[in-house]
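Here is a short walk through one structure. Keep the sequence and the 3D view open side by side, and follow along from one region to the next.

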Amino acid sequence: MNSSAKPLPHKASLPASATDVSATPRVIVQVAFDVPLDRVFDYLAPRPLPAGVRVLAQFGPRKLVGVVVGQAAASPHQLRPLLAVLDELPPLPDDWLALTRFAARYYHYPLGQTLFTALPTALRNPPRRTLALPPVYALSEAGAAWQPPARAARQLALWARLRQGPLALDDEARALHPQAGKLLREWLAAGWLAQVTPAQAAMTVSPGPALTDEQREVVDGLSWAGFSATLLDGITGSGKTEVYLQWIAQALAAGRQALVLVPEINLTPQLEARFRARFPHTPTVCLHSNLADGARAQAWLAAWEGRARLVIGTRLAVFTPLPELGLIVVDEEHDGSFKQQDGLRYHARDLAVWRAQQAGAPVVLGSATPSLESVAAVQAGRYRHARLTRRASAAALPQIHLLDIRRQLLDEGLSAAAWQALADGLAAGETSLVFINRRGWAPVLACVDCGWLSSCPHCAARLVLHWHDRRLQCHHCGHHEAIPHACPSCGNPDLKPLGQGTQRIEAALRRQFPQARIARIDRDTVSRRDAWAEIDRQVRAGELDILVGTQMLAKGHDFPSLSRVVALNADGGLYSADFRAEERLFALLTQVAGRAGRGALPGQVWVQTQFPDHPLYLALREHDVAGFAQRLLEERASAGYPPAVFQALLRADAPELDTAMAFLREVRQYAACHGDVLSLGPAPASMARLAGRERAQLLLQAERRAPLHAALSALCSGLDDWARPFGSALRWSLDVDPQEL
Ligand SMILES: Nc1ncnc2c1ncn2[C@@H]1O[C@H](COP(=O)(O)OP(=O)(O)OP(=O)(O)O)[C@@H](O)[C@H]1O
Ligand SMILES: [Zn+2]
């Protein structure tokens, strides 16, 4: 455990607490700033400052907040004194600094920018106020025999709540009694109550269902003695969440903090409610991208101080300081949203494993469709393998039908069998899901005469028809324009939407089944986090017959009444140039299919395809996740792709493709000096033009991590110099372990 577990001092506000540094400075400190330069800067400090202290300094013409990362004995530069030491918070903890140092090194990203990615925005600047902590009260021994006077109904309600477990003086308490604060203090003074720490409060757990034998075995199989990494490989609906809850309860009971990472779209209020119901008195914080800066900083500080015992969050939450970390869970570990696609391109799952190792705590990666990286780690003996092979409820896995559409006339994209499946579902009063991974009305608008296709003027992409908004829209750069009345190229007024998106399928379903209650779920309809709450409620209340939507519907939802799934247009994933496309498509379809038949009704899934004999579909039909993964692993090994090798992708973009290519060719020459590292390319990116810029890439790969990283370190020190002759038109970025090529 780390010394930063001490409570933080809570002082008034910055101006009063920032040390005045006008006194003669003499110590030299190294400061990292949020600037795109891979170096630290020396300043004069009024006294020795430990690493992790935030300071205010003059940086060129600007005043910037920086973080002290070290001291220097001497400096060749003419040094300026710091403007202020921001010491209203203790120094950032050592293990947190170690995590950010590791991330900066591993992803070859400037330390300063890494630190400031990991730090909540509100702490990048001096906070305007410090945070009040609600005290937590529990009945004392004397209080167990006491009771407020019988006339005081609200007091009795407050007391009844205290009998159930510890209570924080927060909104819940004030809702029970407007003067909760005064009463709780009086009862404390009278000895009926005692003040308890958040760690003590966290130990109350509501009962869950009796575990299945399989779940029990997995729960008991986790070792709490130091670091271990476990892949929890459990089929859809096998009750992985229940297993996480049991492990979290154990970590909390041992007085430790637990961190749960989930994909962005999974952090719904329902999931939050499920955790809060199980751990009603556990101070819990949720960190997701919809959180306002202030709220994020509050949650972050609560975790740092050990007040928050359970942290649930999306990828950025991996950087939450947790002085008493005892368990990390990464749910749906295969999910692409754990990898950040810009700036610091980190993978939260991989950082979670590193972090658990550093903290000497277990980390669990759970999925019904584990990533090949994790499967390979199990085979190499680095991860333990825990399996759940049966659904937790009485349900069996759904039956999967492959619908061969090669010689079929489709009606609005659906085959006769798919229409029939939906009609039968309606007649039986069951809920159905239609999955099509494309939003909008149609992926492109076309001229039937001259062959014109709606294209984005800025990207190598089609403009998608959004009928409801009456416009054409680029899903890559955001460009949109009005739907033309006639072909812009030949004047023909007969323009036709080609293919289907969610909007068009929804309209077709409404025409075919006017009596059905239908909801569309995609990024256009469910943009806010709480929009899920209403859909969730409607499905559970039996108020919806058909859900139509994108992959948003695939992830983690547990709707017992959902028995039928129809998947349209999946084949696209088979044509992709990206070697990971098959892995992703298989995971997506397995996850979507896994939404069916989780309750009392048996599940049925229909998948339309032009390739019913493709091994991917055959494995899907047989639920052969392990066999499919093994086949892909062997293919990857023989073709020399990850996880058999390690990759890094250097991307460059410029107004002209030649500029980007010339820069990468130059880099390639230097890369060629590193014998163990293979450089492939440069080549135009698979999407060669984005937002008006031409993109190219150089792929570097090696059979072992060490030589790749040695080469990257050497290259990174030169990249700015090699880029300079190309001027500001050229931009580059390095992506270590790229997930998308
Ligand atoms: N021991 C149990 N007894 C009864 N029901 C259970 C038990 N464990 C889990 N369940 C129920 O089984 C259903 C599926 O559980 P859960 O959502 O945890 O599955 P999962 O493995 O996370 O699934 P997925 O990967 O498909 O999202 C839920 O409705 C859950 O309440
Ligand atoms: Zn565009």
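This is a predicted model: local features need pLDDT of at least 70, side-chain atom pairs count only at pLDDT 80 or more; totals for chains, interfaces and linings use all residues.

Two packed helices are described by the angle between their axes and the distance between the axes. Helix H9 covers residues 213–221 and helix H10 covers residues 240–253. Their axes come within 10 Å and cross at roughly 40°. The crossing of H9 past H10 is right-handed. On the H9 side, Gln 215, Val 218 and Val 219 make the contact. On the H10 side, the partners are Glu 242, Val 243, Gln 246 and Trp 247. Sorted by class, the contact holds four nonpolar, two polar and one charged residues.

Stay with H10 and turn to the ligand. H10 supplies three residues to the shell around ligand 1, the largest share. The shell has 20 residues in total. Thr 236, Gly 239, Lys 240, Thr 241 and Ala 392 are the closest. Eleven residues of the shell are polar, five are nonpolar and four are charged. Where does ligand 1 sit relative to domain 3 and domain 4? Domain 3 spans 213–388, and domain 4 is made of 399–442 + 499–634. Both domains give residues to the shell, so ligand 1 lies between them.

Next, find a sheet. Three strands form it, in the order E20-E21-E22. The sheet is open and its pairing is antiparallel. Strand E20 (464–466) and strand E22 (480–482) are the edges, each pairing on one side only. From one strand to the next, the twist averages 30°. Look at E20 beside strand E21, residues 471–473. Three bridges link this antiparallel pair. Within it, Val 464 stands opposite Gln 473 of E21.

Finish with some backbone details further along the chain. Most residues other than glycine have a negative phi, and most peptide bonds are trans. Pro 642 and Pro 643 are joined by a cis peptide bond, with omega about 5°. Pro 643 lies in the loop between helix H21 (625–639) and strand E28 (646–654). Another cis peptide bond joins Gly 681 and Pro 682, again with omega about 5°. Pro 682 belongs to strand E29, residues 678–690. Then comes Ala 691, in the loop between E29 and strand E30 (693–702). What is the phi of Ala 691? Its value is near 50°, which is positive in a residue other than glycine.

Notes. Residues are numbered from 1 along each chain as its sequence is written. Chains are lettered from A and ligands numbered from 1 in the order in which they are written. Axes are lines fitted to C-alpha atoms, for helices over the stretch in contact, and angles run from 0 to 180 degrees between N-to-C directions. Helices (H or I, at least four residues) and strands (E, at least two) are DSSP runs, numbered from the N terminus. A crossing is left-handed if the near helix is turned anticlockwise from the far one by less than a right angle, and right-handed if clockwise. Two residues are in contact if their C-beta atoms, placed from the backbone, lie within 7 Å. Ala, Val, Leu, Ile, Met, Phe, Trp, Tyr, Cys and Pro count as nonpolar, Asp, Glu, Lys and Arg as charged, and the others, Gly among them, as polar. A residue is near a molecule or strand if its C-beta atom, placed from the backbone, lies within 6 Å of it. Domain bounds come from an automatic or database domain assignment. Two strands pair if DSSP finds at least two bridges between them.
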